[in-house]
Amino acid sequence: MRGCSSVDERREEREVGGAGGWTRWIVTGPPVAFLLAFFLVPALIVVAASFREPGEFGGLVPLAAGFANALSLEAYRFLLGDLVYAEIFAISFLVALATTVICIAAAYPLAWLIARSPRRRRDLLVLLVILPFASNFLVRIYAWIMLLGPANLLYTPFAVIVGMVYVHLPFMVLPLYTNLEKHDPALLEAAQDLGANAWTRFWRVTFPLSLPGIYSGSALVFIPVLGMFAVPELLGGTGDILIGNLIKEQFLDNRDWPLGSALSIGLTIAVLAFAALAAAGARRGLKGTEAVS
Amino acid sequence: MALLEIRNVTRRFGSLVAVDRVSLAIEAGEFFTLLGPSGCGKTTLLRMIAGFDEPDEGELFLDGKPLAGIAPEKRPVHTVFQSYALFPHMTVAGNIAFPLEMAGRPREEIERRVRETLSLVHLEEKGEAYPHELSGGQKQRVALARGLVNKPRLLLLDEPLGALDAKLRVEMQVELINLQRDVGVTFVFVTHAQQEALALSHRIAVMSQGRVEQLDTPDRLYTAPASRFVADFIGKINLIEAEVAGNAHGHLMLRSAMGDLAADLPPDARPGARGALALRPELVRVAERLETLELRNRFAGHVKDLLYEGDVTLYTVEVEGGFVIEALLANASPGRARLFKVGDAVAVGWRHDAGVFIRG
Amino acid sequence: MKPRSQWLLWAASLAVYGFLYVPLAVVVIFSFNDSTLNAEWVGFTLSWYRKLMTDGEMLRAAGNSVAIALLSSSVATVLGAMAGIAMHRYRFPWLPLLVLTPVAMPEILLGVSLLLFFRQVLDLTLGFFSILVAHITFSIGFVAVIVRARLAGMDEGIFEAARDLGATPWMTFRRVTLPLILPALVAGFLMSFTLSIDDFVITFFVAGVGVTTLPLQIYSMIKVAVTPEVNAVSTLLMALTLTLVIVATRVAPDIVRRGR
């Protein structure tokens with residue numbers, strides 16, 4: 001029942017009445033300026049820094065020394081020359097993957113229970129998932145130091161995974177719950193009516209439809225785990241070094257900033273690749289969902 | 001001088017010409033309607049009057065003064081939005097008071113006028129309610145009250161009845177007519193519903209593809225459509241392709257594939273001119289035998305389909321050569337022996353002045 | 001669903017809730033334990049809290065954290081609201097990318113890039129200012145998302161209606177837009193405040209040596225040893241965030257309801 005004005009028409013319409021173009025820049029300008037200065041420029045500097053050499057006392061060769069003579073691929077040569085780095089990237093990937101899979105397994109029953117609860121109880125159950133998340137990140141890690149210490153499990157890969165799952169679990173529950181909540185119960189009834197048992201109904205209907213939720217939850221878990229340094233540092237042993245620890249080491253302990261920057265760029269690429277994968281998955285899943293609902 | 005004059009206005013969106021050289025004048029006190037299908041440019045035109053959009057070419061004048069460059073808040077023109085656009089965080093009274101507050105009226109005057117306007121739209125009890133507590137019809141009234149409260153020169157209504165159910169629509173139509181008459185504010189009403197336009201308006205501009213096809217009173221639009229588009233868009237109609245043949249027996253003759261037809265022609269129609277005879281179904285008569293129809297235009301055929309609508313029935317009659325004529329008969333006509341059935345052999349006919357010849 | 005599978009679902013869910021809550025409960029309980037070792041329950045005491053109140057370093061850190069949280073969330077609420085409105089209204093395709101990437105990427109990347117920027121480009125002594133700027137940077141996106149979501153749920157027509165009825169752009173903002181996004185602003189402020197007071201990773205990189213915050217203080221303590229004083233400060237911190245969450249879920253909906 002809409003008239004002539006289609007959405008497109010509206011979007012193209014010009015600003016009128018003297019409010020001209022300037023209102024939009026007054027609104028957009030300050031946050032954009034801030035983020036350009038303190039997010040985009042620093043990010044570009046990391047890229048630039050990765051092509052330079054370490055200074056005498058840590059840090060970088062001063063930028064004032066000019067670009068031409070200070071440009072170097074040393075950091076990357078070093079990074080690619082030593083298999084240790086590739087290994088640490090691979091281990092970080094595996095840890096992130098394991099954390100993500102465990103989070104999916106732990107979050108699914110919970111998200112499902114919440115989605116099927118009566119509306120009044122739902123908000124409370126969601127709040128109960130968020131609440132521990134509201135306690136400080138270090139406090140949550142500290143809790144596991146207390147628990148795992150006496151059990152002699154502290155400073156092991158197991159402790160690292162437990163800590164990672166504990167810190168990131170709500171990120172999986174919430175998108176999954178949001179997805180499952182939207183499922184039309186009639187779909188399961190229809191499947192049952194057409195002869196599917198509970199097992200088949202889950203794997204043929206509920207699970208495929210929940211894939212977008214799983215994808216976005218996975219992105220929210222996998223990406224921060226990949227860059228995490230505090231959990232391995234506090235819960236892991238000397239051998240449990242991930243990309244995050246490596247980066248932190250270069251910036252704060254070894255003061256080899258070019259190498260640290262090159263590692264950061266490696267991490268960024270890994271993150272972007274995973275985010276693209278998850279987004280593509282979510283989009284594909286979403287199309288499927290639209291076709292059903 | 002017209003209250004609002006639209007002079008040669010064009011508005012493009014990329015390659016789409018939404019409004020194409022439209023000129024029209026709206027008189028003070030009128031209930032004026034822009035009627036047309038989705039995408040015809042009527043809402044774009046409305047938004048240019050309100051000031052949310054500016055024409056690429058042409059000009060708009062209110063009381064003889066150009067509107068170009070005047071911000072929406074500076075125009076003595078208010079809009080009733082399709083979605084009502086009531087402020088959700090303000091009460092009904094707060095919504096209605098808003099334009100008065102923006103105009104800087106004193107507090108006592110605001111309170112008095114809000115009260116008056118609330119009673120005008122029969123919502124005296126709802127002043128303290130919030131929009132989400134109202135029914136669709138009540139929201140509609142609040143939107144009207146808000147638009148009218150500080151007596152704008154023009155009230156623009158953008159499909160305001162679109163969101164209401166059929167019964168409520170009819171009720172609101174009656175209220176709109178009364179309201180407009182009582183407050184004396186000029187209404188410019190936009191709709192795609194032809195029945196609504198016919199029922200409400202003093203004058204209607206039928207729009208298609210950005211252009212005004214015909215500007216006329218409702219009865220003129222219905223009985224004398226100037227183009228095939230208007231004929232087809234407003235009400236049901238039979239369009240019979242024909243060509244002017246000449247003069248015979250005091251009226252003009254048309255040649256069509258069905259045979260010769262007698263009709264009243266526009267005085268300037270010359271022999272050989274091509275076009276279509278537009279014929280309203282309710283002016284077509286149906287009889288059991290051809291001889292009982294004492295009309296110049298009559299054809300034998302049979303009932304192909306029928307659509308029973310309670311008070312009336314729409315018969316689709318197929319005549320010789322496969323041509324189809326629709327006829328609308330009142331079921332309560334005295335002396336009607338029976339309703340026809342599908343397959344019945346019947347005859348259809350119409351008076352020579354029943355149809356209108358549309359050129360082109 | 002059959003009772004058996006229903007039962008299984010509840011059991012699995014309770015186990016997960018247990019996994020979430022037991023560790024925190026242990027932290028809280030042992031903050032009242034009358035023993036320097038976090039090993040077994042000896043008896044009830046408030047001495048760890050008393051000790052905390054006289055720990056000058058801890059109090060300074062807490063003061064810094066609150067000051068930075070208040071300042072950064074105030075600035076982030078204003079900038080984030082602008083960004084949210086801009087994303088909703090003007091639809092520059094690059095804007096969400098700029099605003100949301102700092103939220104989506106691993107914190108460590110923002111931390112090291114700001115460290116590089118402050119030290120290498122601005123040659124700034126790290127401290128209060130660098131922490132403040134870093135916190136604002138990662139909070140803007142959260143506020144923007146909340147404000148945009150609020151605007152997306154609203155009828156666009158009301159902003160035009162305000163103009164149509166005689167309100168200037170500024171009056172439209174004051175009388176219509178601002179009251180309507182107020183709940184989002186409150187929620188965004190509380191969210192930024194919590195994020196700021198909790199942040200460890202980014203602060204860790206941009207804090208330098210001079211200024212310390214509560215999470216940094218906790219970090220240096222738990223790196224060394226497990227002491228009940230950490231339990232006490234953790235418990236207090238939990239109480240604070242819990243209060244904020246309750247305020248956010250109790251107060252904000254009231255404003256939201258009025259705004260509907």
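Student: How much of chain C counts as buried?

Tutor: Of the 260 residues in chain C, 48% count as buried, where buried means that 20 or more other C-beta atoms, placed from the backbone, lie within 10 Å of the residue's own. This is a predicted model, in which local features need pLDDT of at least 70 and side-chain atom pairs count only at pLDDT 80 or more, while totals for chains, interfaces and linings use all residues. Residues are numbered from 1 along each chain as its sequence is written, and chains are lettered from A and ligands numbered from 1 in the order in which they are written.

Student: What share of the chain C contacts with a separation of 6 or more comes from residues 24 or more positions apart?

Tutor: Such pairs account for 79% of those contacts in chain C, a contact being two residues whose C-beta atoms, placed from the backbone, lie within 7 Å.

Student: How many residues of chain C are in contact with chain A?

Tutor: There, 62 residues of chain C are in contact with 64 residues of chain A. Helix H1 of chain C, residues 3-30, gives the most to the chain C side, with 14 residues. By class, that side has 48 nonpolar, 11 polar and 3 charged residues, where Ala, Val, Leu, Ile, Met, Phe, Trp, Tyr, Cys and Pro count as nonpolar, Asp, Glu, Lys and Arg as charged, and the others, Gly among them, as polar.

Student: Switching to chain B, in what order do the strands of the open sheet run?

Tutor: The 4 strands of that sheet in chain B follow the order S2-S1-S4-S5 with antiparallel pairing, and two strands pair if DSSP finds at least two bridges between them.

Student: Which strands stand at the edges?

Tutor: Strands S2 (16-26) and S5 (65-66) of chain B do, each with a single partner strand, so one side of each is left without a neighbour in the sheet. S5(B) is joined by 2 bridges to strand S4 of chain B, residues 57-62, and B:Phe61 has B:Pro66 in S5(B) as its bridge partner.

Student: What about the domains of chain B?

Tutor: The assignment, which is automatic or from a database, gives domain 1 (4-232) and domain 2 (236-359). Their C-alpha centres lie 39 Å apart, and the contact takes 6 residues from domain 1 of chain B and 6 residues from domain 2 of chain B.

Note on methods. A residue is buried if 20 or more other C-beta atoms lie within 10 Å of its own, exposed if 12 or fewer, and partly exposed in between; C-beta atoms are placed from the backbone.
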